[in-house]
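Then let us walk through some of its features together.

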Amino acid sequence: MLWCGIASLALGQASAGIQGRVTDPTDAVIPRAAVTVTDAGGVTRSAVTDGQGRYGIDRLAPGSYTIRVESPGFAVYESAGNTLAAGASHRIDVKMAVEKNNESVNVAVGGTNAVDVDPSQNAGQLLLRGSDLDSLSDDPEDLANELQMLAGPAAGPNGPQIFIDGFTDGIMPPKASIREIHVNQNPFAAEFDRVGFGRVEIFTKPGSDKFHGQASMDFGNRALTARNPYLIGPIVPDYRQEIYAGNLSGPLSKRASFFVDGQGRVTDENAVLNYTQLDGGLNPQAVSTVLVTPSRRYSFAPRLDYGLTPNHTLIVRYSLAGIMAQNQGLNPQLFDQASQAYSTDEVDQNVQVSESSVLGASVLNNARFQFYSNHLSQRGVSSAPELDVQGAFTAGGSFPLNYTDRDRYELQNYTTVVHGQHTIEFGLRWRGDWLREDSTANFNGRYIFSSSSSGNSAGLTALEVYQQNQRLAAQGVSQADIAAQGFGPTQFLLTTGQALVGVSQSDGGIFVQDDWRARPNLTISGGLRYEIQNHVADYSNVAPRAAISWAPSTHGWLANTVLRAGSGIFYDRFTSDLIWNATRQDGAHQTQYIVRNPAFYPEIPDPAALAGQASTKATYQFDPAMRVPRMVQTAVSLERNFAHNTSLAVTYTNSRGWHELRTLDINAPTASSVDSQGKAVGPRPYGDAAGDIYRYQAGGVFRQNQLIVTVHSTINSRLSFFGYYVYGRAMNNTDSAASLPSNPYDLEAEYGRAAFDFRQRGFVSGNIALPLRVQMSSFAFLQSGMPYNMTSGVDTNNDGNPNDDRPAFAQNLARPSVVTKAGFGSFDTSPLSLANAVIVPRNSLGGPGILSLTTRISRTWSFGRAGKGVGVAGGDEIRGGDSIRNGGLGGGSNQAGMAGVFGGTATRRPYNLTFSASFRNWLNNVNPAAPIGNLSSSYFGRSLALNTFGPLPGAGPNAGAGNRHIELQVKFGF
C-alpha cells in the first residue's frame, strides 16, 4: 500500500515524458551514459542510463527538445526537434557510434556522477577504471587492504568482502590486469549473501583485437623508507621491495583473444620486537630488536575469451601464485621473541570458467565455475617448548610443523530477463570446501607464567614470578618446592593425538530479484534469497530483501534528487576452519591437557603419564542448537546531484545481529567456591572428568548505527575526487567465534563496545592533472581510535585461558590483588573474592586514531606513429571496444557474445613510457597499534607496533598507516 501511494504521488497528469535505451553499433547496451534534454528556452534535464542501458525523464513541459547523449569512448549523439506531446510518454532509442577522434580523452570515474533511480546506480557507489586505479598499490596484498579501506564501513565484525570476476574466493590479481572495480553497488540485491555496504567487485581485463603489452618495475629500499619509531637503539634495519610485472594481450583469431599477466616480488621486510626478559644476573632487561622477514612471491595468470557463437562467449582464466617466506608470524603485541617465528611455503591455484549467453533480445545467462586449491606448509624455527611469561615475553617454539591442503569449488548460474519495465534476475550458487590439515600445534608443550594475587607471590607480575622462580632454581630449590611457594608456572598445556584431520563443508543459495521501473522516477525492488549449509541443522535461512528508489520531483531544488530506502536479512557462514578445529580437538582425534600449577617445570612429561597427573582435558564441540549468524540491515539515503558533475549521498544504516558466534567453557568451575588465589574452584556442571568443554555457540548479538556521507565530483577533465565520512556506534557481546567471556556464568556483563567500533572515519581520494602532463593521485585516511580490552592477566574463572579475564574496579586499595596504573585508576585482579564486584566493561579502553596520506605522481611520454587500435597501454588513452560493459544485461563480470571477446582501451600513440613515485604515509605520521591491555604487563597502556589500517585484515607490511615508504616505478606499454 505504501509503494502504491508513493507511485501515485509520482504521476504527472499534463506533462510529457521520454524514455528509451542507449546501445552501441552492435546493439549492446551502454550503461551510465549521460542523457540530457534541453527545451527551446534552454532549460535542461538529465538522466543516466541504468545497467540495461535504459533511461527515463518525466514531468517535461510539452514542446520541442534537443536530446544529447554522451559516454566515454563514443561520439556524442545529438538530435534536435523532438516534439513531446502533453500526457504522452515518448520512446526514443539511441544508437551511438564509436569515437573516431585520435586525441586523448580523460575518462572520469564512472563516466558521470548523476543520480538515478536505478538500484544499481546508488550515489554511494564508486567505479574505478583506467587512471583511477593509479593511486592504489601495485602489491596485491596492500591493494586488497586499500580496497577494503576504500569500501568504507561494512556492518558487523566481518569487514568488507572482495569478489573477483564474480567469485567470493580467489587470488588477488595484479593491478595491471584489473579492468575496473565496483564498490558498494546495489547494497540490497538478493544476488549477494553478504550486506552490500563494504562490497568490492573486481573485474579483470579481456584480451584485445591488436597486440598490446606492458612491463613494469617497482623499487623501494632502506634509503627511501622512514625508520620505525618503535625500534629503540642505533640499528637501521634492512628493507627492500622490488616488483617485476608484465602482461600481454592480443587476438588469437577473429573469435578469440587472450590476456596474460605475470608478477614477481622480492620483499625484505623487518619485524620490530619489543619485550622484557631476564639478563644473566636475572634482572629485567628491556629488549628492542629487529628481524629481517624476507619473502619471495610470484604469480602467473592467463585468460582466454572465445566467441563460441555471436551470442555465446566462453571465458577461461587460470591463476598461479606462490610465496616462500621466512621469519613469519611474529607479533610484537604478544612480546614474541625471534624463536617464535616460522617459515612458509605456499602455492595457490585457481581456475575460473564462465559462459555468457544472450538468449534473445532480453535474456542473458551467466554460468560460472571456479576451483581453488591452496597448499601451505609452515615450519617453526624452534621445536622447543613454548614459554609464555604474560605481559613480558614469549619464548621457545611456536610449533614444529604444519601442513594445510584446502580445495574449494564454486558453481553459479545467474539469469537476467528484461520484460517491459521489469528486470528479473534469478539464480543459484553452490560452494564446497575440503580442508585437510596436519597440525602439530602445542605438541611441543607450553608453560604459562601469570601474575598472582595471593600467597607469597601476591601482587607480583608474571615476570616477577618467573624471576623469583629462576632465582630459587639457581639456589638449588626443586621446582616442586618452588611451585609450593607460589612461584611456579600457573599452567602447562600439551596436545597429543592424531596430527592429520580433514573436514568438508558445502553451502548453497538460491535467489530471485525483480527491479520494477514503476515510473520513470520510481523503482521498486523486491527479492528473496534462501541459504543452507551442512554441519548446522538450521534450515530457516530465508533472506527477504526490499528497496525503493524515488525521485520526488523534477522541478526546483528537488530536481536530480533521489530518495532510497532498503532493508534485508543477511546470513553469515559457520566456516570450515571452525569445523576443523572442533573436529581436531574433540578428545578423539586430539586431546589437550591442562595442568594447573605444575611442579615439573621445565620438563615435558610423557603424554601417556598426563592422564595420571592432576590434569584437565580440554575439548571443543558444537552447540547442538547452533544457529546461523544473521543480521537485519535497514538503510535510508538522500542523494542529490549538483553542478560540476557532483553528487552527494547521505545514508543512515541500522544493523542488528543475532546468533553471533562465540566460545563458551560450559564446564568451567563455578564461582560458588574460591581458593586462596581468588580462582573459581566450585563444582563443574558436567563433572571433573569431562574437563574444560569449549563449545562454539551462536548466542551473541550486536547493534550498530552509522551515518555515512559520500561525495563524488568530477570538476572537469583535469580534476575529480571522491570521499566519505562515517559516524557510527557499535555494541556487542562477542567479537568473534574465538571470544571467551570473562565470566562464563554471567554473559550479560559481556555487552559493551564492539572491537570494530570506530566512532568516526573519513576518506578522500582525488586525481588531478598538473602542468607538464604530470598526473597526481592522492588519498587521505582518518579514523578515530578503536577500543581495546583490559584484562587482569590472571585466570580467575579457571577456564584455562588467562587472556579473557577482566578485573573489577578496586574497592579496597589495601588488598594485595589491587593494581594501580597512573592515568587509568586502581583495579582488583581477584574479582571473584569480592562481595559486590563491579567488573570493568568489555573493550572499555580507547586506542589511538589513524591519519595517513598517500600520493602517487606520474608522468607519461607517448611516442611512435599515431594509430587506431584497441588494447591496453599506459598514459594517453580513450575508451575502446567494450561493447557490453558491466556484464551487459546481467551486471556481472562477463561480457556477452562476440562483443565481449575484445576489450581494453585505444591509444593515441603506440608506445608509452611512464615514471611514477608513490609516497605512502608521506607525512610519516606515527599511527600506533592498539596498546597493551594486560594489567600485569609493564607495557600496559603502551603501543609496541605501528598500526596497518587498524581493523582491516591482511594489511601488508608497508600499508599506508605504517612508517613512510617511497616506491619508484617505471612502466613501458605498447
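Which residues make a nonpolar surface patch of about 800 Å²? Phe211, Leu248, Trp861, Phe863, Tyr911, Phe915, Val970, Phe972 and Phe974 make it. Keep in mind that this is a predicted model. Three strands, β44 (850-863), β47 (911-920) and β48 (965-973), each supply at least two residues of this patch. To pick out one member, Phe972 lies in strand β48, and with a relative accessible area of 32% it is partly exposed.

Now let us turn to helix α2, which covers residues 140-151. Among the buried ones are Pro140, Leu143, Asn145 and Met149.

Helix α5 (residues 576-584) is largely enclosed by the rest of the structure, because 8 of its 9 residues are buried. Trp580, Asn581 and Arg584 are included in that buried set.

Next, find the open sheet of 3 strands, which has the order β40-β42-β41 and antiparallel pairing. The edges belong to β40 (808-809) and β41 (818-821); each has a single partner strand, so one side of each lacks a neighbour in the sheet. Between β40 and β42 (residues 825-828) there are 2 bridges, and Phe809 stands opposite Phe827 in β42. In general, strands of a sheet pair through backbone hydrogen bonds.

Gly793 sits in the loop between β39 (787-788) and β40. Is Gly793 buried or exposed? Its relative accessibility is 0%, so Gly793 counts as buried. Leaving aside residues up to four places away in sequence, Gly793 touches Gln390, Ser450, Ser451, Pro802, Asn934 and Ser936. The C-alpha atom of Gly793 is 7.0 Å from that of Asp805, a residue 12 places away along the chain.

Gln697, in strand β34 (residues 692-716), has 13% relative accessibility and therefore counts as buried. Apart from residues up to four places away in sequence, Gln697 is in contact with Asp623, Met626, Glu660, Leu661, Arg662, Leu664 and Ile666.

**Charged pairs**

Side chains of opposite charge can pair when their charged atoms come close. In this model the count comes to 31 salt bridges. Here are some of them:

| Salt bridge | Closest N and O atoms |
|---|---|
| Arg446 and Asp388 | 2.8 Å |
| Arg408 and Asp433 | 3.3 Å |
| Asp538 and Arg627 | 3.3 Å |

Arg446 lies in strand β24 (residues 446-449) and Asp388 in strand β20 (residues 386-389), so this pair ties together parts 58 residues apart in sequence. Arg446 counts as partly exposed at 23% relative accessibility, whereas Asp388, at 8%, counts as buried.

Arg408 in strand β22 (residues 401-419) and Asp433 in strand β23 (residues 422-439) are 25 residues apart. Asp433 counts as buried, with 8% relative accessibility.

The pair of Asp538 and Arg627 links two loops that lie 89 residues apart: one between β27 (522-533) and β28 (542-550), the other between β31 (615-622) and β32 (630-642). Asp538 is buried, with a relative accessible area of 3%, while Arg627 is partly exposed at 30%. Elsewhere, salt bridges with shared partners join Asp193, Arg429, Arg431 and Asp507 into one network.

Conventions. Residues are numbered from 1 along each chain as its sequence is written. This is a predicted model: local features need pLDDT of at least 70, side-chain atom pairs count only at pLDDT 80 or more; totals for chains, interfaces and linings use all residues. Side-chain values use heavy atoms; hydrogens and water are left out. Helices (H or I, at least four residues) and strands (E, at least two) are DSSP runs, numbered from the N terminus. The expected span of a helix is 1.5 Å times one less than its number of residues. Buried means under 20% relative accessible area, exposed over 50%, partly exposed in between (1.4 Å probe, protein chains only). Two strands pair if DSSP finds at least two bridges between them. Contact means heavy atoms within 4.5 Å. Patches are made of residues with over 30% relative accessible area and no salt bridge: like charges are joined within 9 Å, nonpolar side chains (Val, Leu, Ile, Met, Phe, Trp, Tyr) within 5 Å. Accessible areas come from the Shrake-Rupley method with a 1.4 Å probe; for residues, only the protein chains shown count as cover. A salt bridge is a side-chain nitrogen of Lys or Arg within 4 Å of a carboxyl oxygen of Asp or Glu.
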